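Dear colleague,

I am handing over the structure we spoke about, with the sequence alongside, and below the display I have set out what was found in it. Please read the notes with the model open beside you.

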Amino acid sequence: MKKILLICAVIIGFASIAKAQDDQKPEFKFNEEKHDFGKIPQGTPVTTVFEFTNIGQSPLILADVRPTCGCTIADYTKTPVKPGDKGLIKITYNAAAAYPFNKTIVVTSNAKTPQKFLVIVGEVIAKTAPAPATGATTGTSN
């Protein structure tokens with residue numbers, strides 16, 4: 001009976017230590033996790049910045065910020081973000097083709113939630129072709 005109690009105490013002890021370590025991890029709190037660009041003109045890149053705060057107990061380190069397509073570029077805070085401090089993830093979308101879009105950016109870090117997903121949406125509107133010149137004269141005179 002004593003052995004069973006000892007084994008249970010050891011298991012509970014390990015579980016408590018694991019839980020305490022998890023509570024010390026950093027964690028994101030974003031100002032927004034989805035950004036809607038609305039209607040944007042074709043051929044004009046657009047940019048948004050996702051701001052986050054480290055609400056955890058240890059420094060937050062972004063290991064990678066990876067857009068899911070080549071039409072999107074990410075730049076982000078590369079230094080550890082201390083507890084209570086803010087960091088930035090800047091996303092630029094190249095609006096080359098006229099169509100609605102929905103793109104995901106995968107953020108990998110040392111946070112409690114090691115992968116976070118940010119989303120950008122909008123609709124690229126085709127450029128209108130310039131109207132042909134009217135009323136042009138041939139330059140002949142009588």
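To get your bearings, where is the place of threonine 44? Threonine 44 lies in the loop between β2 and β3, and with a relative accessible area of 33% this residue is partly exposed, because that class covers values between 20% and 50%. Although threonine 44 and valine 124 are 80 residues apart along the chain, their C-alpha atoms are separated by 9.1 Å.

Before going further, please keep in mind that this is a predicted model. The mean pLDDT of the protein is 85, with 75% of its residues at 70 or more. Among the elements, strand β6 (residues 86–93) has the highest mean pLDDT, 98, whereas helix α1 (residues 2–23) has the lowest, 54. Over residues 14–21 the pLDDT stays under 50, and the model has zero contacts beyond four places in sequence for that stretch. Where pLDDT is low, the predicted coordinates should not be read in detail.

The pairing of β5 with β6 is antiparallel over five bridges; isoleucine 73 stands opposite threonine 92 in β6, while tyrosine 76 has isoleucine 89 as its bridge partner in β6.

A further open sheet of four strands has the order β2-β8-β7-β4, and its pairing is mixed. Since β2 and β4 stand at the edges with a single partner strand each, one side of each is left without a neighbour in the sheet. On average, and ignoring direction, neighbouring strands of this sheet are turned by 20° against each other. Within it, β7 and β8 pair in the antiparallel sense over nine bridges, where valine 107 has lysine 116 in β8 as its bridge partner.

Next, the interior. In soluble globular proteins, nonpolar side chains tend to be buried together. The largest nonpolar core of this model has 24 residues, of which Phe28, Ile40, Phe52, Leu62, Ile89, Tyr93 and Ile120 touch the most other members. At least two residues of this core come from each of β1, β2 (34–41), β3 (46–54), β4 (62–67), β6, β7 (100–109) and β8 (115–125).

Strand β6 is worth a look from both sides: Gly87, Ile89, Ile91 and Tyr93 make up its covered face, and Lys86, Leu88, Lys90 and Thr92 its uncovered one. Leaving aside neighbours within four places in sequence, isoleucine 89 is in contact with a list of residues that includes Phe30, Phe52, Leu62, Val65, Tyr76, Val107 and Leu118, and threonine 48 is also among them.

Threonine 48 itself is found in strand β3, and at 7% relative accessibility this residue counts as buried, because the cut-off for that class is under 20%. What does the side chain of threonine 48 make a polar contact with? The partner is the side chain of histidine 35, at 3.5 Å. Again leaving aside neighbours within four places in sequence, the contacts of threonine 48 include Glu32, His35, Phe37, Ile91 and Ile120.

With best wishes

Methods: Residues numbered from 1 in each chain as written. Heavy atoms only, no water. pLDDT = per-residue confidence, 0-100. Contact = heavy atoms within 4.5 Å. Pairing = 2+ DSSP bridges. Core = buried A, V, L, I, M, F, W, Y, C linked by side-chain atoms within 4.5 Å. Buried < 20%, exposed > 50% of the residue type's maximum accessible area, 1.4 Å probe, protein only. Polar contact = N/O pair within 3.5 Å; in protein donor to acceptor, adjacent residues only side chain to side chain. Axes fitted to C-alpha atoms, helices over the stretch in contact; angles between N-to-C directions.
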